[in-house]
Amino acid sequence: MTTSAASARLVATLTAPLDRDRDAAYAPSVLRWPDRRLLIQRGDFEAVAVDLDDPSAPQTRFPAPWPRRFGTFTVAPGRDLAVFAGVHSVRAVDPAGAVRWEVRHGCWEGGCRILHESFEEYADSRSHLYADSGSAVFSVDGSLVWAHIRGPVATAGPDPEALDEWLVIDAADGRVLGRADAETVAAGSEHVPHPDPAQMGLSVGEGQDGAPLLWGRWDGAELSVEHFGEEERILTSVSPTGEHFLTVAHDLDSLALHRVSDGAVVAELEAADAVPRHPDADPDDFDADDVMWDYECGFVDKETAISSTDQEEEYGPVRHWLLDAAGMRPAGQVAYPFPVSGTPTALGDGTWYTVSGSGDAVHLWALDT
């Protein structure tokens with residue numbers, strides 16, 4: 001088990017553009033492309049994007065088509081477009097609030113079989129407030145939008161159900177270029193971009209039924225999809241080189257490094273073999289012996305990954321761990337200059353970030369060499 005320490009250096013503290021209470025906003029997060037980083041945040045009435053590499057650039061604000069609880073959102077690298085993946089459609093909105101395009105789809109509320117035309121049709125429906133959700137993301141060059149949606153209702157069998165689809169959309173005009181059966185019934189999903197805009201990873205959560213991991217390839221004419229990990233591994237990060245990706249087991253007991261080419265596991269690390277029990281845990285609390293990884297694990301750079309251990313706040317400060325990515329070997333616990341909260345999110349450029357406990361700031365970190 002690893003007990004060595006690696007010191008983190010604070011690069012910057014970024015204040016959230018929206019007030020959590022006043023604007024009914026989620027905590028901010030960071031999107032990164034090879035040549036750009038954006039701080040983004042979603043409130044009930046608008047979404048905001050801030051260019052982290054150009055402090056003089058004004059904030060870009062996008063009027064939201066529906067409240068934050070009704071889906072997810074993302075922003076284009078150029079900050080000229082926000083895409084909202086909602087309960088009934090994927091909608092692209094510009095900073096003036098104009099709808100550039102929209103792709104309607106089946107309703108994410110499990111019992112609903114209506115192809116809605118607008119949010120207002122279910123705005124007051126309590127069941128739709130707790131609907132399942134998909135997700136959407138821009139390709140690394142901003143030319144494509146990959147979207148995981150609720151598809152048509154299958155009519156075969158006594159209990160018809162809506163099946164999910166995966167789309168490749170032209171980001172400029174909303175044309176659906178490629179479509180594939182995702183073979184999932186999602187409660188939620190998250191895209192993990194690849195450095196090649198024609199490739200994309202998709203991690204789907206099906207609750208207790210599993211965690212399908214899909215890999216998509218777009219050749220300009222057809223979207224082909226592979227399923228990796230036997231529906232038991234959650235995709236978390238793709239390496240800066242594009243050769244590997246990281247996963248965490250559905251039960252959080254192990255992390256794994258995979259080849260992108262075929263999804264094969266190259267190296268794996270069990271939490272029980274790498275992480276000691278929390279030093280502040282009660283010696284009589286035997287649950288503290290069952291250490292688990294968290295849902296975040298990412299590439300700090302092509303050689304180093306970072307992760308955290310789950311459900312430890314009750315014992316004391318959260319613990320983050322550096323890993324030698326090539327062999328999935330522990331490289332030490334991260335030592336911070338002040339207490340941090342939550343999980344670390346790696347950006348692949350030598351940095352990672354954490355969100356303050358109150359959700360009103362993002363702390364950007366690098367290794368102190």
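At 5% relative accessibility, His105 counts as buried, where buried means under 20% relative accessible area, exposed over 50% and partly exposed in between, with a 1.4 Å probe and protein chains only. The model is a predicted one, in which local features need pLDDT of at least 70 and side-chain atom pairs count only at pLDDT 80 or more, while totals for chains, interfaces and linings use all residues. Residues are numbered from 1 along each chain as its sequence is written, and side-chain values use heavy atoms, with hydrogens and water left out.

His105 lies in the loop that runs between strand 9 (99–104) and helix 1 (126–129); helices (H or I, at least four residues) and strands (E, at least two) are DSSP runs numbered from the N terminus. Its side chain reaches the backbone nitrogen of Ser89 at 3.2 Å. With residues up to four places away in sequence set aside, His105 touches Gly86, Val87, His88, Ser89, Val90, Leu115, Ile149 and Arg150, a contact being heavy atoms within 4.5 Å.

## Helix 1 and the cysteines

His128 belongs to helix 1 and is buried, with a relative accessible area of 7%. Beyond its neighbours within four places in sequence, His128 is in contact with Phe70, Val87, Cys107, Glu109, Cys112, His116 and Tyr122.

Zero disulfides are found in a search of the whole structure, a disulfide being a pair of cysteine sulfur atoms within 2.5 Å. Cys107 is in no disulfide, and the nearest cysteine sulfur, that of Cys112, is 3.8 Å away. For Cys112, the closest cysteine sulfur is in Cys107, and the 3.8 Å between them is too far for a bond. Cys107 is buried at 4% relative accessibility, and Cys112 is buried at 11%.

Strand 16 (residues 213–218) is largely enclosed by the rest of the structure, because five of its six residues are buried. Strand 15 (residues 199–205) pairs with strand 16 in the antiparallel sense over five bridges; two strands pair if DSSP finds at least two bridges between them. Within this pairing, Leu202 stands opposite Leu214 of strand 16.

Strand 16 is also joined to strand 17 (residues 223–228), by six bridges, and these two run antiparallel. Trp215 has Glu226 in strand 17 as its bridge partner. The hairpin of strand 16 and strand 17 has four residues between the strands, and Gly220 takes a positive phi near 95 degrees there.

Four strands form an open sheet in the order 18-19-20-21, with antiparallel pairing. Strand 18 (233–238) and strand 21 (265–270) stand at the edges with a single partner strand each, so one side of each is left without a neighbour in the sheet. From one strand to the next, the twist averages 25 degrees, with axes taken as lines fitted to C-alpha atoms (for helices over the stretch in contact) and angles running from 0 to 180 degrees between N-to-C directions.

Five bridges join strand 18 to strand 19 (residues 244–249), and the two run antiparallel. Ile234 has Val248 as its bridge partner in strand 19.

## An exposed loop residue

Ala326 is located in the loop between strand 24 (320–324) and strand 25 (329–335). Its relative accessibility of 57% makes Ala326 count as exposed. Not counting residues up to four places away in sequence, Ala326 touches Leu257, Ala267 and Glu303. Between Ala326 and Leu177 there are 149 residues of sequence separation and 36 Å in space, C-alpha to C-alpha.

Conventions: A polar contact is a pair of N or O atoms within 3.5 Å; within protein, one must be able to donate a hydrogen and the other to accept it, and residues adjacent in sequence count only if both atoms are side-chain atoms.
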